[in-house]
Amino acid sequence: MANLEFGVWDSFGAEVLARTPVAADTYMEHINEAKLAEDLGYRYFFIIEHQNSAVGQITAPNVFLSALAQHTSTLRIGAMIYQLPMHDPVRLAQDTATLDHLSQGRLEFGAGLGTHEHEFMRWNLDFNQRREMGAEALEVILKAWSGESLTHKGKYWTYDEALPTPRPFQKPHPPVWYAFHSTISLEYAAKHNFNVSQNLDVDEVIAEKFELFRKTWREYKHPGTMPRTFLMRAVHVAETDEIARAEAEKPLLEADGLGLRGIANTRIGFRGNSDLETRSARARGTREDRANYDWWVEKGIAIIGSPETVVKKLKEHQASIGYDLFCANHRFGTMSTENSVKSLRLFGEKVLPEFI
């Protein structure tokens, strides 16, 4: 428990951008919340990349994170995740190395693939090749961070004596996190000695995945310490359990699928990952489960209550699952800014001190 660290997982969709006259106002609102999180003692602040999606509207993560770096001084920042197949890997290596310098070595690099087919189709990318593309991209990024020149001939990218600069501020490079859902991705992360992150499955399934990851990692006989594990959950803290539920129930249930309806009405429409859609109800719940507030709380996907209740749940939660970094998503669904900031503040003032 002593090694447990805390962060904020921040995201906003199209409905949040619509609340303010211009996007700049929303960006600054979230940067100001990051500054508050830093003052309250949170250690990390993550965003997520989505393209062609109403779910995530930070489509230029490095630009946003560079601004965030200039308004903070101790928060470790990053995207959890960058959608690797959607980037030229040398360009991404250079951009993130520059960001690592601008933040004085505070970058955390979250790598992943993306799970919605429609996001790829709109850029004429083959969704079914995203795993191979992601693996090659990450190989190129690590090479670009470590060498003075880069020659690479791959299936998707080719470079002849590219000269990527700068090298990252952190040596040998920023910490790498890999977001996995499948066993294939789990084994890939274990093989390459990456930290790992999770967010969507129920507690019981995530505990099994983390344990399998650790077992697989040991089988590769890597030197050094075991990689770290990251978990994100929806969190709402209020003055009492009753107030917390009253404020969180509607936004929590509305968050499931929020933003997809608008995409579904476009010409191309919404196309998800069939692997995720057919995954067992045990991991993600049935449609009926997910329409039930109590199911979300009982399965640990949402942690909601008074500061005392949240502390108790977190201690039980961390002991049963085992993770090193917990990220609280205070801004889920249609949660108001007023209530999400209140939750952020109460978590920082009343919950974090119980884990120091």
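**Close-up views of the predicted model**

**View 1. The salt bridge between Arg214 and Glu211.** The side chains of Arg214 and Glu211 form a salt bridge with an N to O distance of 3.9 Å, a salt bridge being a side-chain nitrogen of Lys or Arg within 4 Å of a carboxyl oxygen of Asp or Glu. The model is predicted, so that local features need pLDDT of at least 70 and side-chain atom pairs count only at pLDDT 80 or more, while totals for chains, interfaces and linings use all residues. Residues are numbered from 1 along each chain as its sequence is written, and side-chain values use heavy atoms, with hydrogens and water left out. Arg214 and Glu211 are separated by about one helical turn because they stand three residues apart in helix α8; helices (H or I, at least four residues) and strands (E, at least two) are DSSP runs numbered from the N terminus. Arg214 counts as buried at 15% relative accessibility, whereas Glu211, at 43%, counts as partly exposed. In these terms, buried means under 20% relative accessible area, exposed means over 50%, and partly exposed lies in between (1.4 Å probe, protein chains only).

**View 2. The salt bridge between Arg282 and Glu208.** A salt bridge joins the side chains of Arg282 and Glu208, with 2.5 Å from N to O. Arg282 belongs to helix α12 and Glu208 to helix α8 (residues 203–219), so the pair ties together parts that are 74 residues apart in sequence. Arg282 is partly exposed at a relative accessible area of 43%, and Glu208 is likewise partly exposed, at 40% relative accessibility.

**View 3. Glu5, Arg43 and Arg228 in a network of salt bridges.** Salt bridges link Glu5, Arg43 and Arg228 in a network, and the structure holds 22 salt bridges.

**View 4. The polar contact between Arg284 and His181.** The side chains of Arg284 and His181 are joined by a polar contact of 3.4 Å. A polar contact is a pair of N or O atoms within 3.5 Å; within protein, one atom must be able to donate a hydrogen and the other to accept it, and residues adjacent in sequence count only if both atoms are side-chain atoms. Arg284 is found in helix α12 (residues 281–284) and is buried, its relative accessible area being 12%.

**View 5. A surface patch of negative charge.** Asp241, Glu242, Glu308 and Glu354 gather in a patch of negative charge on the surface. Patches are made of residues with over 30% relative accessible area and no salt bridge, like charges being joined within 9 Å and nonpolar side chains (Val, Leu, Ile, Met, Phe, Trp, Tyr) within 5 Å. Asp241 is found in helix α9 (residues 241–255), and at 35% relative accessibility Asp241 counts as partly exposed.

View 6. As background, most residues other than glycine have a negative phi, and most peptide bonds are trans.

View 7. Asn124 has a phi near 60 degrees, a positive value in a residue other than glycine, and is found in the loop between α5 (117–121) and α6 (130–146). At 72% relative accessibility, Asn124 counts as exposed. Asn193 has a positive phi of about 65 degrees although it is not a glycine, and lies in the loop between α7 (183–191) and β8 (195–198). Asn193 counts as partly exposed, at 33% relative accessibility.

**View 8. Asn62 and Ala79.** Asn62 has its place in helix α3 (residues 61–71) and counts as buried at 12% relative accessibility. The C-alpha atoms of Asn62 and Ala79 are separated by 8.3 Å, and these residues are 17 residues apart along the chain.

Key: Areas by Shrake-Rupley, 256 points an atom, 1.4 Å probe, with all protein chains shown as cover. Lys, Arg positive; Asp, Glu negative; His and termini not counted. Charge placed at Lys NZ, Arg CZ, Asp CG, Glu CD.
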